[in-house]
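Colleague: I am learning to read structures, and I would like to know where the words we use for them come from. Please take me through one example.

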Amino acid sequence: MPGREDLPSTLRRSPDKAQRTWEKTHDSAVETYGEGERSHRTAFAAVKHEFEKVGDHWEPKGRKGPSDQQAAGGGPERRAPTAGGVDANATKDHLMSVARKLDVPGRSSMTKPELVTAIEKANDRATRKARGD
């Protein structure tokens with residue numbers, strides 16, 4: 001199964017359901033679009049619908065739905081910045097709890113967009129550390 005071989009490291013550290021979602025979507029996208037970036041983007045979009053990136057792995061969001069402006073709009077002609085797996089559509093309280101879990105400094109005085117950016121950066125740092133980069 002190609003999806004299993006291409007499974008990103010952040011998903012290898014995530015729940016089985018997130019892994020299965022990525023694999024099934026990736027394999028279906030490969031049949032439709034061929035191997036490559038588009039298949040990976042499609043698989044991540046499916047994962048982001050039910051999971052959010054927290055540190056170096058993905059956790060269930062607690063609700064299904066788009067995680068950011070790009071996921072809500074969809075389509076290649078409507079490119080908007082993504083939040084890198086952060087559930088930007090979550091409440092500020094939820095984002096604050098994720099920031100607390102990641103020990104984001106200065107979180108108590110941040111706005112919701114600032115929290116999203118800070119969590120995204122903390123996630124990137126955690127992923128690099130987990131990969132040994």
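Modeller: Let us start with contact, which means heavy atoms within 4.5 Å. Asp87, leaving out residues up to four places away in sequence, touches Glu52, Lys61, Arg63, Pro66, Ser67 and Leu95. This is a predicted model, where local features need pLDDT of at least 70 and side-chain atom pairs count only at pLDDT 80 or more, while totals for chains, interfaces and linings use all residues. Residues are numbered from 1 along each chain as its sequence is written, and side-chain values use heavy atoms, with hydrogens and water left out.

Colleague: Why is Asp87 called buried?

Modeller: Buried means under 20% relative accessible area, exposed means over 50%, and partly exposed is in between (1.4 Å probe, protein chains only). Asp87 has a relative accessible area of 2%, so Asp87 is buried. Its place is in the loop between α5 (69-73) and α6.

Colleague: What makes Asp103 exposed?

Modeller: Asp103 has a relative accessible area of 59%, which is over 50%, so the word is exposed. Asp103 lies in the loop between α6 and α7. Its phi is positive, about 55°, although Asp103 is not a glycine.

Colleague: Why do Arg13 and Asp56 count as a salt bridge?

Modeller: A salt bridge is a side-chain nitrogen of Lys or Arg within 4 Å of a carboxyl oxygen of Asp or Glu. The closest N and O atoms of Arg13 and Asp56 are 3.2 Å apart, so the pair meets the cut-off. This pair links distant parts of the chain, 43 residues apart: Arg13 is in the loop between α2 (9-12) and α3 (16-33), and Asp56 is in the loop between β1 (51-54) and β2 (57-60). In the whole structure, a search finds six salt bridges.

Colleague: Where do Glu37 and Arg41 lie?

Modeller: Both lie in helix α4, four residues apart, which is about one turn of the helix. An α-helix has 3.6 residues a turn, so residues three or four places apart point the same way. Glu37 and Arg41 form a salt bridge, with the closest N and O atoms 3.0 Å apart. Glu37, at 58% relative accessible area, is exposed, whereas Arg41, at 39%, counts as partly exposed.

Colleague: What covers the buried residues of α4?

Modeller: The cover includes α2, α3, β1 and β2. The buried residues themselves are Ser39, Ala43, Val47, Lys48 and Glu50.

Colleague: What makes the 16 residues a nonpolar core?

Modeller: A nonpolar core is a set of buried Ala, Val, Leu, Ile, Met, Phe, Trp, Tyr and Cys residues joined through side-chain atoms within 4.5 Å. The largest one has 16 residues, and Val86, Leu95, Val104, Leu115, Val116 and Ile119 have the most contacts inside it. The elements that give two or more residues to this core are α6 (92-101) and α7 (112-131). Of these, α7 gives the most, with five residues. Apart from this core lies another, of eight residues, among them Leu7, Ala18, Val47 and Phe51.

Colleague: Which residues of α6 and α7 meet?

Modeller: Lys92, Leu95, Met96, Val98 and Ala99 in α6 meet Lys112, Leu115, Val116 and Ile119 in α7.
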